[in-house]
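Please read it alongside the model.

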Amino acid sequence: MDRSAETVLDEYLVVVARAGSADAFRRLAERWTPRLLRHARRVLLDADASADAVQDAWVAIAKGLKRLDDPARFAGWALAITSRRCVDEIRRRQRLRAVVSEAEASEAAAPADDPDTRLDIGAAVARLPPDQRLLVSLFYGEGLSVEEIAAALAIPVGTVKSRLHVIRQTLKTYLQGA
């Protein structure tokens with residue numbers, strides 16, 4: 001198995017942090033916070049909410065690090081925890097009825113079938129429901145394999161594949177202006 005020096009360093013930091021090193025945990029957080037923030041921003045589309053979700057994720061990571069059996073699985077595990085915190089934030093917004101999507105506002109302002117208002121990829125992804133943005137972020141943004149996503153979200157590999165297929169078709173429709 002080919003492993004990069006970055007992956008080996010992450011595994012080392014996980015092992016040492018699990019043994020109680022605050023410095024190793026701090027270095028792990030420094031290395032991974034930017035990546036977790038990017039992921040959360042792609043899912044939540046809100047920098048402040050993303051920062052809160054990642055902060056909550058680090059609390060959960062700190063509490064659960066000793067239960068992580070395989071340090072090589074840290075990436076998927078940390079992204080899954082962050083994803084769950086993002087889902088929690090989305091649910092909180094829905095409960096408060098405070099969700100006013102920029103994608104919905106722009107859709108109402110400009111008809112999708114007007115050729116002058118064709119969407120770019122970022123806007124098309126923003127129109128996806130949060131659970132679909134989560135998969136797009138994990139697969140395309142974070143580069144996780146279908147198998148890693150399935151493990152992180154505790155769903156079958158076939159389900160990940162079929163959902164990604166549906167997402168691709170939806171994005172194609174959005175981008176074609178239909």
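1. A salt bridge here is a side-chain nitrogen of Lys or Arg within 4 Å of a carboxyl oxygen of Asp or Glu. The model is predicted: local features need pLDDT of at least 70, side-chain atom pairs count only at pLDDT 80 or more, and totals for chains, interfaces and linings use all residues. Residues are numbered from 1 along each chain as its sequence is written, and side-chain values use heavy atoms, with hydrogens and water left out.

2. Start with the local pair. R26 and E30 form a salt bridge at 2.6 Å, N to O. Both sit in helix 2 (residues 22–44), four residues apart, about one turn of the helix. Helices are DSSP runs of H or I, at least four residues, numbered from the N terminus. R26 is partly exposed, at 39% relative accessible area. The cut-offs are under 20% for buried, over 50% for exposed and in between for partly exposed (1.4 Å probe, protein chains only).

3. R35 and E142 meet in a salt bridge at 2.4 Å, N to O. This pair links distant parts of the chain, 107 residues apart: R35 is in helix 2, and E142 is in the loop between helix 7 (130–141) and helix 8 (146–153). R35 is partly exposed at 23%, whereas E142 is buried at 7% relative accessibility.

4. Which residue forms a salt bridge with E142 at 2.5 Å? It is R42, with that distance taken between the closest N and O atoms. R42 lies in helix 2 and E142 in the loop between helix 7 and helix 8, so the pair ties together parts 100 residues apart in sequence. R42 is partly exposed, with a relative accessible area of 27%.

5. A network of salt bridges links E6, D10 and R31.

6. Now the pocket. A pocket is an open set of points on a 1 Å grid over the protein atoms alone, where a 1.4 Å probe fits, with protein on both sides within 12 Å along at least five of seven lines; lining residues have an atom within 4 Å of a point.

7. The lining of the largest pocket has 26 residues, with A72, R73, A75, G76 and E148 nearest its centre. Helix 4 gives the most, six residues.

Technical notes
Helices (H or I, at least four residues) and strands (E, at least two) are DSSP runs, numbered from the N terminus.
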